[in-house]
Amino acid sequence: RVINEDALHLIAQKADGALRDALSIFDQIASFSNKKIEYAKVIDSLNVLDYDYYFKVTDALLAQDEVESMILLDEIIKNGFDGGLFLGGLAQHFRDLLFAQSARTTEILDFSEKIKERYAQQATIAPAGFLLSGLNIVNQFGLNYRTSQNKRLQIELALLKLAYLPAALKLSRLPVPEKKTSELGTAKKIEPKPIIKEKIDDE
(Lines give C-alpha, C1' and ligand atoms only; values in the text may rest on other atoms or scores of the structure.)
Protein backbone atom coordinates (compact mmCIF):
# COMPACT_ATOMS: atom_id res chain seq x y z
CA ARG A 1 0.00 0.00 0.00
CA VAL A 2 1.36 3.44 -1.01
CA ILE A 3 0.74 6.11 1.63
CA ASN A 4 1.56 9.79 1.25
CA GLU A 5 3.21 11.26 4.37
CA ASP A 6 1.27 14.53 4.20
CA ALA A 7 -1.96 12.52 3.97
CA LEU A 8 -1.09 10.70 7.20
CA HIS A 9 -0.40 13.98 9.00
CA LEU A 10 -3.75 15.29 7.78
CA ILE A 11 -5.57 12.23 9.14
CA ALA A 12 -3.78 12.64 12.49
CA GLN A 13 -4.80 16.29 12.71
CA LYS A 14 -8.41 15.48 11.83
CA ALA A 15 -8.47 12.83 14.56
CA ASP A 16 -7.15 15.45 17.03
CA GLY A 17 -4.90 12.98 18.84
CA ALA A 18 -7.49 10.19 19.17
CA LEU A 19 -5.86 6.99 17.90
CA ARG A 20 -9.16 5.14 17.41
CA ASP A 21 -10.57 8.01 15.32
CA ALA A 22 -7.38 8.14 13.25
CA LEU A 23 -7.56 4.41 12.52
CA SER A 24 -11.24 4.69 11.64
CA ILE A 25 -10.58 7.56 9.20
CA PHE A 26 -7.63 5.66 7.73
CA ASP A 27 -9.71 2.51 7.15
CA GLN A 28 -12.52 4.46 5.51
CA ILE A 29 -10.17 6.19 3.08
CA ALA A 30 -8.20 3.01 2.42
CA SER A 31 -11.39 1.10 1.55
CA PHE A 32 -11.95 3.12 -1.64
CA SER A 33 -8.44 4.39 -2.40
CA ASN A 34 -7.31 1.35 -4.42
CA LYS A 35 -4.29 0.74 -2.16
CA LYS A 36 -2.98 4.27 -2.70
CA ILE A 37 -3.67 6.94 -0.08
CA GLU A 38 -2.87 10.33 -1.58
CA TYR A 39 -2.97 13.80 -0.06
CA ALA A 40 -5.56 15.10 -2.56
CA LYS A 41 -7.91 12.17 -1.89
CA VAL A 42 -7.69 12.66 1.86
CA ILE A 43 -8.53 16.36 1.45
CA ASP A 44 -11.60 15.50 -0.62
CA SER A 45 -12.71 12.73 1.73
CA LEU A 46 -12.36 14.78 4.91
CA ASN A 47 -13.55 18.05 3.32
CA VAL A 48 -10.41 19.80 4.57
CA LEU A 49 -9.09 23.01 3.06
CA ASP A 50 -5.69 22.49 1.43
CA TYR A 51 -2.68 24.07 3.19
CA ASP A 52 -1.89 25.73 -0.12
CA TYR A 53 -4.80 28.15 0.25
CA TYR A 54 -3.50 29.46 3.58
CA PHE A 55 -0.03 29.99 2.13
CA LYS A 56 -1.49 31.84 -0.87
CA VAL A 57 -3.80 34.03 1.25
CA THR A 58 -0.93 34.90 3.61
CA ASP A 59 1.34 35.79 0.66
CA ALA A 60 -1.38 38.11 -0.68
CA LEU A 61 -1.86 39.76 2.74
CA LEU A 62 1.88 40.31 3.22
CA ALA A 63 2.01 41.88 -0.26
CA GLN A 64 -0.96 44.10 0.71
CA ASP A 65 -2.86 42.65 -2.25
CA GLU A 66 -6.43 42.77 -1.01
CA VAL A 67 -7.79 41.96 -4.49
CA GLU A 68 -5.98 38.61 -4.63
CA SER A 69 -7.12 37.76 -1.10
CA MET A 70 -10.77 38.41 -2.13
CA ILE A 71 -10.39 36.21 -5.21
CA LEU A 72 -8.96 33.38 -3.11
CA LEU A 73 -11.78 33.75 -0.56
CA ASP A 74 -14.39 33.58 -3.33
CA GLU A 75 -12.78 30.39 -4.64
CA ILE A 76 -12.74 28.84 -1.17
CA ILE A 77 -16.42 29.61 -0.55
CA LYS A 78 -17.44 28.39 -4.02
CA ASN A 79 -15.69 25.09 -3.23
CA GLY A 80 -18.15 24.69 -0.36
CA PHE A 81 -15.93 25.48 2.63
CA ASP A 82 -17.38 27.17 5.70
CA GLY A 83 -16.13 30.71 6.31
CA GLY A 84 -15.82 30.21 10.05
CA LEU A 85 -13.58 27.18 9.53
CA PHE A 86 -11.48 29.23 7.12
CA LEU A 87 -10.95 31.95 9.75
CA GLY A 88 -10.04 29.30 12.31
CA GLY A 89 -7.62 27.70 9.86
CA LEU A 90 -6.03 31.07 9.06
CA ALA A 91 -5.46 31.72 12.77
CA GLN A 92 -3.86 28.28 13.07
CA HIS A 93 -1.68 29.07 10.06
CA PHE A 94 -0.43 32.30 11.68
CA ARG A 95 0.30 30.36 14.88
CA ASP A 96 2.26 27.74 12.93
CA LEU A 97 4.24 30.49 11.18
CA LEU A 98 5.21 31.92 14.56
CA PHE A 99 6.50 28.50 15.57
CA ALA A 100 8.34 28.16 12.26
CA GLN A 101 10.40 31.29 13.00
CA SER A 102 12.62 29.22 15.29
CA ALA A 103 14.29 25.93 14.37
CA ARG A 104 13.53 24.57 17.84
CA THR A 105 9.79 25.30 17.79
CA THR A 106 9.50 24.18 14.15
CA GLU A 107 10.04 20.64 15.42
CA ILE A 108 6.79 20.95 17.42
CA LEU A 109 4.77 21.37 14.23
CA ASP A 110 2.93 18.21 13.23
CA PHE A 111 3.71 18.29 9.52
CA SER A 112 5.86 16.39 7.10
CA GLU A 113 9.36 17.75 6.50
CA LYS A 114 8.25 19.06 3.12
CA ILE A 115 5.49 21.23 4.60
CA LYS A 116 7.72 22.29 7.52
CA GLU A 117 10.19 23.66 4.96
CA ARG A 118 7.39 25.63 3.33
CA TYR A 119 6.39 27.09 6.68
CA ALA A 120 10.01 27.98 7.40
CA GLN A 121 10.27 29.78 4.04
CA GLN A 122 7.12 31.86 4.55
CA ALA A 123 8.11 32.60 8.15
CA THR A 124 11.17 34.48 6.87
CA ILE A 125 8.93 37.10 5.20
CA ALA A 126 6.17 37.19 7.84
CA PRO A 127 7.19 39.48 10.73
CA ALA A 128 6.19 38.37 14.22
CA GLY A 129 4.37 41.69 14.70
CA PHE A 130 2.16 40.96 11.69
CA LEU A 131 1.40 37.43 12.87
CA LEU A 132 0.56 38.45 16.45
CA SER A 133 -1.62 41.37 15.38
CA GLY A 134 -3.14 39.17 12.68
CA LEU A 135 -4.09 36.55 15.26
CA ASN A 136 -5.95 39.18 17.29
CA ILE A 137 -7.80 40.42 14.20
CA VAL A 138 -8.77 36.94 12.98
CA ASN A 139 -9.92 35.84 16.44
CA GLN A 140 -12.03 38.97 16.87
CA PHE A 141 -13.73 38.59 13.50
CA GLY A 142 -14.15 34.89 14.21
CA LEU A 143 -16.23 35.80 17.27
CA ASN A 144 -18.23 38.34 15.23
CA TYR A 145 -18.79 35.72 12.52
CA ARG A 146 -20.90 33.52 14.78
CA THR A 147 -23.55 36.17 15.43
CA SER A 148 -23.33 38.19 12.21
CA GLN A 149 -26.20 38.18 9.71
CA ASN A 150 -23.76 38.83 6.86
CA LYS A 151 -21.10 36.22 7.60
CA ARG A 152 -19.15 36.62 4.38
CA LEU A 153 -18.76 40.33 5.03
CA GLN A 154 -17.05 39.54 8.33
CA ILE A 155 -14.41 37.45 6.52
CA GLU A 156 -13.91 40.13 3.86
CA LEU A 157 -13.47 42.84 6.50
CA ALA A 158 -10.95 40.66 8.33
CA LEU A 159 -8.92 40.14 5.14
CA LEU A 160 -9.04 43.84 4.26
CA LYS A 161 -7.82 44.78 7.73
CA LEU A 162 -5.04 42.18 7.48
CA ALA A 163 -4.01 43.47 4.04
CA TYR A 164 -3.47 46.98 5.46
CA LEU A 165 -1.72 45.68 8.56
CA PRO A 166 1.85 45.69 7.11
CA ALA A 167 1.53 49.39 6.20
CA ALA A 168 0.11 50.21 9.64
CA LEU A 169 2.95 48.40 11.39
CA LYS A 170 5.52 50.14 9.21
CA LEU A 171 3.97 53.52 10.00
CA SER A 172 4.03 52.80 13.73
CA ARG A 173 7.79 52.19 13.58
CA LEU A 174 8.59 55.56 12.04
CA PRO A 175 10.42 57.93 14.42
CA VAL A 176 8.29 60.71 15.81
CA PRO A 177 9.74 64.07 14.75
CA GLU A 178 10.64 66.45 17.55
CA LYS A 179 8.29 69.37 17.90
CA LYS A 180 9.86 72.65 16.98
CA THR A 181 8.78 75.58 19.07
CA SER A 182 7.66 78.41 16.83
CA GLU A 183 8.95 81.85 17.45
CA LEU A 184 5.42 83.15 17.77
CA GLY A 185 4.52 80.51 20.31
CA THR A 186 7.52 81.20 22.50
CA ALA A 187 7.15 83.98 24.96
CA LYS A 188 10.26 86.08 24.93
CA LYS A 189 11.68 86.86 28.28
CA ILE A 190 11.58 90.58 28.74
CA GLU A 191 14.45 91.85 30.73
CA PRO A 192 13.55 94.88 32.86
CA LYS A 193 15.16 98.03 31.66
CA PRO A 194 17.40 99.77 34.16
CA ILE A 195 15.91 102.87 35.62
CA ILE A 196 18.09 105.78 34.69
CA LYS A 197 17.89 108.64 37.08
CA GLU A 198 18.51 111.91 35.38
CA LYS A 199 20.64 114.29 37.29
CA ILE A 200 18.76 117.50 37.83
CA ASP A 201 20.94 120.53 38.11
CA ASP A 202 19.93 122.88 40.81
CA GLU A 203 19.18 126.17 39.36
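In this predicted model, helix H6 spans residues 83-99. The helix has 17 residues and reaches 25 Å from first to last C-alpha, close to the 24 Å expected at 1.5 Å a residue. Its N-terminal end is capped by Asp 82, with a side-chain oxygen 3.0 Å from the backbone nitrogen of Gly 84.

The buried residues of H6 are Gly 83, Phe 86, Leu 87, Gly 89, Leu 90, Ala 91, His 93, Phe 94, Asp 96 and Leu 97. They pack against five helices: H4 (51-62), H5 (66-78), H8 (113-123), H9 (128-147) and H10 (151-163).

The largest nonpolar core holds 39 residues. Its members that touch the most others are Leu 61, Phe 86, Leu 90, Phe 94, Phe 130, Leu 159 and Leu 162. At least two residues of this core come from each of H4, H5, H6, H8, H9, H10 and helix H11 (165-172). Beyond its neighbours within four places in sequence, Leu 162 contacts Leu 61, Leu 90, Phe 94, Phe 130, Gly 134, Ile 137 and Val 138.

The chain as a whole comprises 11 helices and 2 strands. From the N terminus, the order of elements is β-α-α-β-α-α-α-α-α-α-α-α-α. Of its 203 residues, 35% count as buried. Among contacts with a separation of 6 or more, 70% join residues 24 or more positions apart. The accessible surface of the chain is about 14,000 Å². Carbon and sulfur atoms account for 54% of that surface.

Note on methods:
Residues are numbered from 1 along each chain as its sequence is written. This is a predicted model: local features need pLDDT of at least 70, side-chain atom pairs count only at pLDDT 80 or more; totals for chains, interfaces and linings use all residues. Side-chain values use heavy atoms; hydrogens and water are left out. Helices (H or I, at least four residues) and strands (E, at least two) are DSSP runs, numbered from the N terminus. The expected span of a helix is 1.5 Å times one less than its number of residues. Buried means under 20% relative accessible area, exposed over 50%, partly exposed in between (1.4 Å probe, protein chains only). Contact means heavy atoms within 4.5 Å. A polar contact is a pair of N or O atoms within 3.5 Å; within protein, one must be able to donate a hydrogen and the other to accept it, and residues adjacent in sequence count only if both atoms are side-chain atoms. A nonpolar core is a set of buried Ala, Val, Leu, Ile, Met, Phe, Trp, Tyr and Cys residues joined through side-chain atoms within 4.5 Å. Accessible areas come from the Shrake-Rupley method with a 1.4 Å probe; for residues, only the protein chains shown count as cover.
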